Each structure stands twice: as structure tokens, then as C-alpha cells.
Amino acid sequence: MSRKIAYAGMLLAVDVVLFLMVNLFQTNTIFLLGLASLPIAIVIMNWGPKTGIAFYIASVILSFIAMANKIHWAIYTLTFGIYGLIKFIIEQDRPVYVEYILKLVYANIALVVLYFIAKQFVYVPEKWYFVLLFEVVFLVYDYVYSLFIDYYNEKIRNIFEK
């Protein structure tokens with residue numbers, strides 16, 4: 001149990017460093033938030049979705065404290081941070097096309113929620129092609145996320161289990 005807590009604590013520390021980097025590097029915000037979403041996949045793979053939920057809650061609290069721009073916090077909380085759990089739930093013995101449909105439904109719901117939140121604070125242009133661009137970028141993100149999971153399972157996981 002103590003090993004699990006220590007390992008999750010180290011992953012949370014990595015997340016905090018990435019959250020602080022979001023404050024420093026304004027041009028790489030989305031990339032850094034995407035990186036910060038990867039540790040939850042490690043937690044879910046090692047200890048299951050219940051521990052993943054606890055990790056997500058802890059990362060949301062820490063990101064709220066660490067990030068100066070609360071729009072970035074909302075983006076992380078509603079999209080990147082929870083995506084590991086969403087991906088885990090969606091990819092449970094379903095055909096691939098159903099998985100992608102469900103992932104795009106999730107992405108579009110998150111986009112709509114973020115739009116209405118961000119619209120209260122900043123100008124958000126309303127162009128239909130932004131939705132298509134977002135969906136393409138989301139599918140690339142999902143693919144890279146899957147590559148990370150495969151790489152972790154094949155190369156890195158064995159190092160930490162010794």
C-alpha cells in the first residue's frame with residue numbers, strides 16, 4: 001500500500017511540475033496539459049479505475065492551486081485530466097468504430113461545455129471548421145495516448161515492478 005501511495009505521489013509531483021510549466025510557457029499550454037494527462041493512465045493500468053478517480057481528484061485540486069489561469073484549469077479538468085478514465089471506460093470490449101464514436105461524442109460534449117465556460121471570460125470565435133479541426137486534433141491526441149499506453153506497458157512498466 002505504501003508503495004502505491006509513493007508511486008502515485010511521484011506521478012502527482014510530475015503533474016504539478018507540468019502545471020507550473022503551463023504558467024511559464026504560454027505557447028505550449030495544450031501540449032503540456034496533454035502530457036499532464038498521461039500519469040492517470042499509469043495509475044489506472046497499475047491499480048484500476050477507483051485509484052484513477054482518486055488520482056484525478058487529487059490532480060484537479062493540485063492543478064487549481066498551481067495554475068494561474070483558471071481557463072487552463074477548466075480545460076485540464078474537463079478534457080485532458082479525466083480522459084484517461086473516459087478512455088478506460090469506453091475501451092471495454094466494444095468494436096473499434098463504436099469506441100471512436102463514443103470518444104468523439106465525449107470530445108464534442110467537452111468542447112461545448114468549455115465553449116460556454118470560456119465565452120464568459122474571453123472572446124471565442126464561432127467558426128464551424130474549428131469543431132472539425134478540434135475533432136481531428138482530438139483523434140491524433142487519442143492515438144498518441146494509445147501509443148504512450150503501449151510503450152509504457154512494453155518498456156517502462158517492467159522497470160518499476162522490480
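Leaving aside its neighbours within four places in sequence, which residues is Asp142 in contact with? This report answers that, then turns to a pair of helices. The model is predicted.

## Asp142 and its contacts

Asp142 lies in helix H7, which covers residues 128-161. Beyond its neighbours within four places in sequence, Asp142 is in contact with Tyr83, Lys87, Glu91, Tyr100 and Lys103. With Tyr83 there is also a polar contact: the two side chains are joined at 2.4 Å.

Is Asp142 buried or exposed? Its relative accessibility is 1%. Buried means under 20%, so Asp142 counts as buried. Gln92 stands 50 residues from Asp142 in sequence. In space, their C-alpha atoms are 15 Å apart.

## Helix H1

Helix H1 runs over residues 2-24 and has 23 residues. From first C-alpha to last, H1 reaches 33 Å. That is close to the 33 Å expected at 1.5 Å a residue.

Some of H1 is buried. The residues concerned are Tyr7, Ala8, Leu11, Leu12, Asp15, Leu18, Phe19 and Val22.

## H1 against H4

Two packed helices are described by the angle between their axes and the distance between the axes. For H1 and helix H4 (residues 49-66), the axes come within 10 Å. They cross at roughly 35°, and the crossing is right-handed.

From H1, the residues that meet H4 are Lys4, Ala8, Leu11, Leu12, Asp15, Val16, Phe19, Leu20 and Asn23. H4 brings Thr51, Phe55, Ala58, Ser59, Leu62, Ser63 and Ala66. The residues of this contact divide into ten nonpolar, four polar and two charged.

Technical notes
Residues numbered from 1 in each chain as written. Predicted model: local features only at pLDDT ≥ 70, side-chain atom pairs only at ≥ 80, totals over all residues. Heavy atoms only, no water. Helix = DSSP H or I, 4+ residues; strand = E, 2+ residues; numbered from the N terminus. Expected span 1.5 Å × (residues − 1). Buried < 20%, exposed > 50% of the residue type's maximum accessible area, 1.4 Å probe, protein only. Axes fitted to C-alpha atoms, helices over the stretch in contact; angles between N-to-C directions. Left-handed = near helix turned anticlockwise from the far one by under 90°. Contact = heavy atoms within 4.5 Å. Nonpolar A, V, L, I, M, F, W, Y, C, P; charged D, E, K, R; others polar. Polar contact = N/O pair within 3.5 Å; in protein donor to acceptor, adjacent residues only side chain to side chain.
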